[in-house]
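Let us take a walk through this protein together, with the model open beside the text.

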Amino acid sequence: MSQYELAKKAGMTQSSISTLLNEGNVPRITTLEKVCNGFGITLAQFFTMDGQYPDLSEEQIKVLDTWKRLSVKEKIAVENIVNSIIDMRRNN
């Protein structure tokens, strides 16, 4: 991912990303959270070693591992299905 793409996904300027990466400054937690969002991870995942998920059940880990293997189009379809199920529950 380019600095431009990360900046766009993180809601930051490209110059901010460049400064962070090239000058080795220690980011504020809010900045780090934006960068994590740009990469599609949480702060907890950022600070977790060996790709482990903190405080998740085996069932939740299985769902996240499956989610990672989906394409963007498949993720959108899954989100639509889940939202439909939630909407049906609200209407009943």
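In which helix is Thr31 found? Thr31 sits in helix α3, which covers residues 29-39. Before going further, a word on what you are looking at: this is a predicted model, in which local features need pLDDT of at least 70, side-chain atom pairs count only at pLDDT 80 or more, and totals for chains, interfaces and linings use all residues. Residues are numbered from 1 along each chain as its sequence is written, and side-chain values use heavy atoms, with hydrogens and water left out.

**Overall form**

The protein has 6 helices and 0 strands, where helices (H or I, at least four residues) and strands (E, at least two) are DSSP runs numbered from the N terminus. Along the sequence this reads as α-α-α-α-α-α. The radius of gyration is 17 Å, well over the 12 Å that the globule rule gives for 92 residues, so the protein is more spread out than a compact globule. That radius is taken over C-alpha atoms, and the globule rule is 2.2 Å times the number of residues to the power 0.38. The C-alpha trace spans about 55 × 25 × 25 Å along its principal axes.

Of the 92 residues, 14% are buried; here buried means under 20% relative accessible area, exposed over 50%, and partly exposed in between (1.4 Å probe, protein chains only). Accessible areas come from the Shrake-Rupley method with a 1.4 Å probe, and for residues only the protein chains shown count as cover. Among contacts (heavy atoms within 4.5 Å) between residues at least 6 apart in sequence, 19% join residues at least 24 apart.

**The nonpolar core**

The largest nonpolar core has 7 residues: Leu6, Ala7, Ala10, Met12, Ile17, Leu20 and Val35. The elements giving two or more residues to this core are α1 (3-10) and α2 (14-23), and α1 gives the most, with 3 residues. Such a core is a set of buried Ala, Val, Leu, Ile, Met, Phe, Trp, Tyr and Cys residues joined through side-chain atoms within 4.5 Å. Ile17 is in contact with Gln3, Leu6, Ala7, Met12 and Val35, leaving aside neighbours within four places in sequence. Thr31 touches Met12 and Leu20, again not counting residues up to four places away.

**Exposure, residue by residue**

| Residue | Relative accessible area | Class |
|---|---|---|
| Thr31 | 17% | buried |
| Thr30 | 43% | partly exposed |
| Phe47 | 55% | exposed |
| Asp87 | 39% | partly exposed |
| Arg90 | 63% | exposed |

Thr30 also lies in helix α3, and its C-alpha atom is 10.0 Å from that of Leu43, 13 residues apart along the chain. Phe47 belongs to helix α4 (residues 43-47). Together, Ile29, Phe46 and Phe47 make a nonpolar surface patch of about 330 Å². Patches are made of residues with over 30% relative accessible area and no salt bridge, with like charges joined within 9 Å and nonpolar side chains (Val, Leu, Ile, Met, Phe, Trp, Tyr) within 5 Å.

**The salt bridge**

How many salt bridges does the structure hold? There is 1, a salt bridge being a side-chain nitrogen of Lys or Arg within 4 Å of a carboxyl oxygen of Asp or Glu. The side chains of Asp87 and Arg90 meet in a salt bridge at 3.4 Å, N to O. Asp87 and Arg90 are separated by about one helical turn because they are 3 residues apart in helix α6 (residues 72-91).
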